[in-house]
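Trainee: Could we go through this model together, from the overall chain down to one helix pair?

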Amino acid sequence: MTRADVAVVGAGPIGLAIAWRCATRGLRVEVHDPTPGSGASAVAAGMLSPVAEAYFGERRLTELLVASAARWPAFAAELTDASDATIGYRTEGTLMVGLTGDDLAEARRLWAYQQGLDLPVTALRPTELRDREPALAPRVRGGAFAPTDHQVDPRRLVPALRTAARRAGAAFVPRPVRRLSEVEAGVTVVAAGCGAAALTGLPVRPVKGQILRLRAPGGVAPGFRHVIRGYADGEHVYLVPRADGEVVLGATVEERSDTTVTAGAVQRLLRAGVDLLPELTEYDLVEAVAGLRPGTPDNAPILGPLPGRPDVLAATGHHRHGIVLTPVTAEAITELVLTGTPDPLLTGFGADRFAGPRSSFEEE
């Protein structure tokens, strides 16, 4: 049997997009994963938020987020054509709001920082907010609009990517990879999320997130159109409306590795969500679930070859940003496979920034 040019370990959005891009460039691709799409993407809300996710001290990461978000319109259109599937890509933008005076003061500090980076953030008075979203609570003290922060539905995105990759010629191997020495390919790409730590020794840790899914009564669309990211009495939440009536409400950020849903987290999320959008009290609660984001010590992804192993590329550690970073990660890793030359966008995100990764990919 002919050896694959590329083996991708992990079939979440990152791994599948890399497999699709590599296959369309004529490479023989195998994707290794017993349960595609069962990781963090199964829980993710799908926000494409380079502006709202621009935080203090993460300027280089913000540049990568902005670059990838700019590729999403073309990426979404191409994927829709390649898969004949809808992926829930929406472009109404994001409203960032503060419920109380203290919430608004905290939010304004971040908005000022984002505006200082020349990101598109427009401050709005309470009346202007409610002109855009009448369903917002009258108590909301103010907010801002990020027009380039969009959304996609990860539960539609993953099947579409699988279809596109398969149609492009990628083969799927439905068994787990416990050591990279089990994989035979010219280049191996590790896109295994939290599982990358055991395979590579890289410092990728699980960061727990609990999330709720609600549904508007009668199956109609929710009473709001924009993604809402809010501060509500100190609780940070987001609400993502879907055309089919679903609303995703999240999410906690916990340094834990279990996937237990806790009553306290559900209570906090629901309280904050209802404080911002009172109509949610009439919505059905259809799911409460927890997932594990792949975090790194500096909250940035690990993209590129392992030290001393140019045939093993990491594409992991995306933490909160896996969905928005899917296009740029797939394209940059594919170019690296084909040319061996890293895209300048990858500067600073290599595995070599972490000293001495354990060589667990070698036979013991």
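This is a predicted model: local features need pLDDT of at least 70, side-chain atom pairs count only at pLDDT 80 or more; totals for chains, interfaces and linings use all residues.

Mentor: Residues are numbered from 1 along each chain as its sequence is written, and side-chain values use heavy atoms, with hydrogens and water left out.

Trainee: What radius of gyration does the protein chain have, against that of a compact globule?

Mentor: The radius is taken over C-alpha atoms, and the globule rule is 2.2 Å times the number of residues to the power 0.38. For 364 residues the rule gives a value near 21 Å, so the chain agrees with a compact globule. The radius of gyration of the protein chain is 20 Å.

Trainee: What percentage of the residues in the protein chain is buried?

Mentor: Buried means under 20% relative accessible area, with a 1.4 Å probe and protein chains only. Of the 364 residues, the buried share is 55%.

Trainee: At roughly what angle do the axes of α2 and α8 cross?

Mentor: Helices are DSSP runs (H or I, at least four residues), numbered from the N terminus. Axes are lines fitted to C-alpha atoms over the stretch in contact, with angles from 0 to 180 degrees between N-to-C directions. The axes of α2 (residues 59-83) and α8 (residues 326-339) come within 7 Å, and they cross at roughly 90 degrees.

Trainee: Which residues of α8 meet α2?

Mentor: Contact means heavy atoms within 4.5 Å. From α2 come Leu 64, Ser 68, Arg 71, Trp 72 and Phe 75. Their partners in α8 are Thr 326, Pro 327, Val 328 and Glu 331.

Technical notes. Helices (H or I, at least four residues) and strands (E, at least two) are DSSP runs, numbered from the N terminus. Buried means under 20% relative accessible area, exposed over 50%, partly exposed in between (1.4 Å probe, protein chains only).
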